[in-house]
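I opened this entry to look up a metal site, a strand and a helix. Here is the model I worked from.

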Amino acid sequence: MHIDVILGLQWGDEGKGKIVDYLAPQYQIVARFQGGPNAGHTLLFGGKKYVLHTVPSGIFQEGLINVVGNGVVLDPVVFQKELSFLESCAVEYRTRLLLARKAHLIMPTHRWLDAANEAQKGKEKIGSTLKGIGPTYMDKTGRNGIRLGDIVMTGFESYYKQLKAKHLSLLRIYPEVPFDIEQEESVWFESLEKLRKLQFIDCEYYINEAVSEGQKVLAEGAQGSMLDVDFGTYPFVTSSNTVTAGVCTGLGVAPARIGKVIGITKAYCTRVGGGPFPTELEDATGEELRKQGHEFGSTTGRPRRCGWIDLPQLRYTIMLNGVTSLCMTKIDVLDHFETLQAATAYRYEGRETTQLPFDLCKTDVQPVYTTFEGWQQSLADCTTYEALPHNAKQYISSLENVLEVPFDMISTGPEREKLLLKAQ
Ligand code: GDP
Ligand code: IMO
Ligand code: MG
């Protein structure tokens, strides 16, 4: 009677969507617990690509319930577009998509504030997706936010007006950014109409009752652990708890309810937006990783920064999340490299250590690398873990030795079926 968790161990875009979609048939419920439309989760099956931002990645599995938890921040406009997309794909979602009443709403002025705040930071900007995430979570913790359940309560319009007025006065202290408030607002209110037709739930009761009845629940993380507001590369982070602890607050479940925690990492590392990235490669090798891995953001289309896998960083996020099983994605991207590198320690302040410093932004960290022989062949025809080339298995097992958690799944391509399971 446990909730399993899938989350990203790096800076996001590890391939969470693909793995959730693959494992979803083993569950009855898939639930998003944090983040908002800053996420872009890509699924590929039947020769077609699907990108989801707020809707959980279990939506394409018939009969499966998908929950948007209370820890999520929801933009009705983006959400409505996702629903129209599902309709165009003939996916019946009305009976299978449930929304937590306590999820907070992203207002047009939240997005405006996000843009103004970034403009004020200038060169120091976070590189936010500008979806209004930070300002919405600020209103939630500042006790001013509007929740989904409020939209069917009396007084909603006046809450909205009050909060909007507050945002408008706040905006006066920021640099001006272009924004058509009337137009944005009218689309927002139209989108609310579509939301009102969906099923709202008290997420905490719903999930706990489902688990007690023996239903299997999979919690789907967004972003990555290094973007966690407490433990990530602050202030270059998002505004939610992306780690396992976020499942408890984002769905309303007790820590003892957490079962397996599946941590996802790419076979290398990427980051989009600003902030420290110790193993970043700003050379031809980094460019090659970006090219082979098609490393451009699913939400904003920005080129992702690329570098080698970072084991001290992964050991840190494995610890934070209580990871019980690892999944390595995009190993195929390394197919043509003659040699590969993995950071096994850091050098800073005159010593070598495997611990992250208090502030990665302010500490000059030099990664210490171990080199591995590449396999220099395509993995396209490998249909079992055993069939992987010797050097690929060597790379995986060397990483496992350092990380002390097994790689139970290896993803060799973006398609749903390109997943190798290691015999248990
Ligand atoms: P998410 O945000 O963690 O769900 O990841 P994204 O969807 O933003 O980014 C992952 C990208 O890698 C997507 O374009 C996926 O289609 C793709 N992808 C996932 N797994 C693999 C893999 O094993 N190999 C390759 N080449 N691409 C993959
Ligand atoms: P998925 O779920 C990668 C990054 C942004 C920026 C920082 C803050 O697809 O893995 P925000 O919009 O939250 O204010 O941005 O976090 N970021 C992501 N990077 N994948 C994501 O989500 C991300 N969501 C936010 O680029 O650096
Ligand atoms: Mg993504």
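The model is predicted.

**Strand E5**

I began with E5, residues 65–68. E5 runs parallel to E7 (residues 97–100), and three bridges join them. I looked up Val68 and found its bridge partner in E7, Leu99. E2 and E5 also run parallel, joined by four bridges. There, Ile29 has Ile65 as its bridge partner in E5.

Which way do the residues of E5 point? Ile65 and Val67 point one way, Asn66 and Val68 the other. All are buried.

**Magnesium ion**

Next I checked ligand 3, the magnesium ion. Asp13 (OD) and Gly40 (O) coordinate it at 2.0 to 2.2 Å. Asp13 sits in the loop between E1 (3–8) and H1 (16–23), and Gly40 in the loop between E2 (29–32) and E3 (41–45), so the pair ties together parts 27 residues apart in sequence. Asp13 is partly exposed, at 22% relative accessible area. Gly40 counts as buried, at 10% relative accessibility.

**Helix H10**

Last, I went to H10, residues 311–321. Its buried residues include Leu311, Leu314 and Ile318. Among the elements covering the buried residues are E1, E11 (258–266) and H11 (390–403).

What caps the N-terminal end of H10? Asp310 does: a side-chain oxygen lies 3.2 Å from the backbone nitrogen of Gln313. After H10 comes Gly322, with a positive phi near 65°.

Conventions
Residues are numbered from 1 along each chain as its sequence is written. Chains are lettered from A and ligands numbered from 1 in the order in which they are written. This is a predicted model: local features need pLDDT of at least 70, side-chain atom pairs count only at pLDDT 80 or more; totals for chains, interfaces and linings use all residues. Side-chain values use heavy atoms; hydrogens and water are left out. Donors are N, O and S atoms within 2.8 Å of the metal (3.2 Å for Na, K and Ca); water is not among the atoms, so sites may look incomplete. Helices (H or I, at least four residues) and strands (E, at least two) are DSSP runs, numbered from the N terminus. Buried means under 20% relative accessible area, exposed over 50%, partly exposed in between (1.4 Å probe, protein chains only). Two strands pair if DSSP finds at least two bridges between them. Contact means heavy atoms within 4.5 Å. A polar contact is a pair of N or O atoms within 3.5 Å; within protein, one must be able to donate a hydrogen and the other to accept it, and residues adjacent in sequence count only if both atoms are side-chain atoms.
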